[in-house]
Number of protein chains: 2
Amino acid sequence: MVTIKEIAAKAKVSITTVSRALNGHTDVSERTRKKITEIARDMKYSPNKLARSLVSNKSYTIGLLVSNSGIDEEIVKNKFSSEMMFVMEVMSGINGYVSETNYDLILFNTDSSEQKNKSYTELCMERRVQGVIVSGVKTNDVYLKEITESNLPCVLIDIPVPNANNNVGYVTTNNIDSANNAVRHLVGLGHKNIAMVNGHEYATVSQMRLKGYKEALKQAKIALNESWILDGAFGERTAYKVTFELLKKNPEITAIFCASDLMAIGAMKAAQDIGYNVPQRLSIIGFDDILLATYVVPKLTTVFQNKYKMGYRAAKMLVDIIEKKEKPRTIILENELRIGDSTSACLL
Amino acid sequence: MVTIKEIAAKAKVSITTVSRALNGHTDVSERTRKKITEIARDMKYSPNKLARSLVSNKSYTIGLLVSNSGIDEEIVKNKFSSEMMFVMEVMSGINGYVSETNYDLILFNTDSSEQKNKSYTELCMERRVQGVIVSGVKTNDVYLKEITESNLPCVLIDIPVPNANNNVGYVTTNNIDSANNAVRHLVGLGHKNIAMVNGHEYATVSQMRLKGYKEALKQAKIALNESWILDGAFGERTAYKVTFELLKKNPEITAIFCASDLMAIGAMKAAQDIGYNVPQRLSIIGFDDILLATYVVPKLTTVFQNKYKMGYRAAKMLVDIIEKKEKPRTIILENELRIGDSTSACLL
DNA sequence: CTGAAAGCGCTAACAG
DNA sequence: CTGTTAGCGCTTTCAG
């Protein structure tokens, strides 16, 4: 590895001058600058960012904290869980913004963190990342609180933080209204007996979507039946099981609102296995609009979340925080109900 | 940020001693070690890996070079391309292995590299990554050659390198045989007029799969019809278009072998839009077994590639190279034909 | 415009 | 067992 020292020697100048020339400082004569840049190129010089970071105290790296949990919970080992699919699309957006900047992305795995007994904060500190984006982490996560209470700039995806300091922000979508809207759509189609398959309780979005569901029923003056609210754990198989049971016991149900597409797919399979036609006998709505939603048959009616944008905006917000720009620390994106073929008028 | 210097001051020892104590060297008395570790904990000390890397010349970071190209080529901006889906699953495997080690993963985007006019090698050098995994990059990529010819440890996914130095390796699957096998399956079902929708030419896998296709036809003594080999560019829409044309012109075709699942799905839609029943009128086989394959109707018959394993093994190989372990630099995994509902006996 | 010197936080001989 | 010293590659005062 060639260093500025070697360049300095060859150019017969001091390392200071080399540093300045290469960094575009104005106080270097054109002649020496030219000489130096040429030599640098010839020697295939590449600046050592580690060294630069050490002295400037800026690593220009952003941490990305994602969970792999669930990866072999529902699916074997080579397939994704619902969460994974969601996170992947978000990541794509994060990457999209980050690649417009000088920052690089470093990937941390929350699972390995627990193996190694290191908190997320430690992971980040060690690498001196300047900020971190957290996604796919449960609200009861052991290390979550620590990191939001630290001074590390931090943006959370779908995890609202009530009264956080100015270094913390979050990006989420309008879950309550979207859920409400989805359920209202069902009501509009004449459905009255509408069940809900929710995700696990350790996701804020579950609570929000449930809230929207309850609101919509109330507005439609439909009595809430608590036993029709199921826990599908954000998994296809769990959703399948609980839906199967539910439908067997309660033939009066004509529609189900699911808090994720994968669960909707699980529910749909359960319905089909029971012999129900979707949507004629049972309407189903999902949430997320993952790639899969368009490909299953019937095509899912679902709440489209712009996951790319969520990631993009999260990354942007993080850089704003890092660079001390005073911008909103909360972003709530709007969703959009996309009508597919899994919903239709109630025929019962 | 608290440093070992501050710990040293508080513990009234030299920084050397602190360093040794914290790094588990044996030449420190138990008493001082205990004192030091306690102080470190109390002060919330976190070692600066940047500084450590600088002196030890080991960054303990691995670069991950993936392409985003195609992301808005076929699909809007918030959806994945086929390549993306594949790469994502591979990434999951890479992450799986890496999290068992001391290394961290740093993400480079090949597109941004071109924006910034930096070669992959530069990107890696600057961050002093100790090795890099390359995936989803085309064989004609401008910077590809440079990086494999550098001394940087490097593992490629699905890009065989003929006579590379000992620092370069690759992981791929048995594409020729798998393709051969897939086509033979069609032959076994009585098909004789078998077309192929291939990916673009800048992927080695396209060439291999084509080779397998040709081999199988030859073995079955079926004449090769070059005009039945189409370029689907690894995209669903392109595959749709070319298949549509092909089927219109050549009603004698009863089966299509596609070099990727997404293209198979595109082909399937084309067939259905023409009024063909799949599989009765037209059998279709895909390649990859991406998550989608199981969810489309009819469920795709496809060649299962263990993408997680590909990533896992690639990461493992890279670490072996970095740590100078003499292990094979070539890994060719076996695939498995998974029969779905998109293939059946030839009825024509 | 240029250079000398100090130092970022840490590790690693070398001496004691 | 512990401290002194030097230095990883770079940036940044401060003097000239």
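Two residues are in contact if their C-beta atoms, placed from the backbone, lie within 7 Å. I wrote that down before looking at anything else. The model is predicted, with local features needing pLDDT of at least 70 and side-chain atom pairs counting only at pLDDT 80 or more, while totals for chains, interfaces and linings use all residues. Residues are numbered from 1 along each chain as its sequence is written, and chains are lettered from A and ligands numbered from 1 in the order in which they are written.

**Entry 1: domains of chain A**

I looked up how chain A is divided. The assignment, which is automatic or from a database, gives domain 1 (61-174 + 306-335) and domain 2 (175-304). Taken over C-alpha atoms, the centres of the two domains are 28 Å apart. I found 18 residues of domain 1 of chain A in contact with 18 residues of domain 2 of chain A. On the domain 1 side, helix 5 (82-98) and strand 5 (168-173) of chain A each give two or more residues; helices (H or I, at least four residues) and strands (E, at least two) are DSSP runs numbered from the N terminus. Helix 5 of chain A has the largest share of that side, four residues. I sorted this side by class and got four nonpolar, nine polar and five charged residues. Ala, Val, Leu, Ile, Met, Phe, Trp, Tyr, Cys and Pro count as nonpolar, Asp, Glu, Lys and Arg as charged, and the others, Gly among them, as polar.

**Entry 2: the two chains**

I superposed the copies by least squares on the C-alpha atoms of residues with pLDDT of at least 70 in both. Chain B is laid on chain A by a turn of 180 degrees and a shift of 0.0 Å along the axis, with an RMSD of 0.0 Å. That is the relation of a two-fold axis. In chain B, I106(B) has the C-alpha nearest the axis, 2.2 Å from it. Both copies use the same surface, as 97% of the contact residues of chain B recur in chain A.

I then looked up the contact between the chains, which takes 39 residues from chain B and 38 residues from chain A. Among the elements that give two or more residues to the chain B side are helix 4, helix 5 (82-98) and strand 2 (104-109) of chain B. By class, this side has 16 nonpolar, eleven polar and twelve charged residues.

I found 24 residues around DNA strand C, the closest being V13(A), S29(A), V55(A), T3(B) and S19(B). Helix 2 (15-22) and helix 4 (49-56) of both chain A and chain B give two or more residues each to this surface. Helix 4 of chain B has the largest share, five residues.

Around DNA strand D there are 25 residues, and T3(A), S19(A), V13(B), S29(B) and V55(B) come nearest. Here the largest share, five residues, comes from helix 4 of chain A. The surface near DNA strand D has eleven nonpolar, eleven polar and three charged residues.

**Entry 3: two helices of chain B**

How do helix 2 and helix 3 (residues 30-42) of chain B pack? I noted an angle of about 90 degrees, with their axes 9 Å apart. Axes are lines fitted to C-alpha atoms, for helices over the stretch in contact, and angles run from 0 to 180 degrees between N-to-C directions. The two helices are therefore roughly perpendicular to each other, a term for angles of 65 to 115 degrees. T17(B), V18(B), A21(B) and L22(B) in helix 2 meet T32(B), R33(B), I36(B), T37(B) and A40(B) in helix 3.

Technical notes:
Near = placed C-beta within 6 Å. Parallel < 35°, antiparallel > 145°, perpendicular 65-115°, else oblique.
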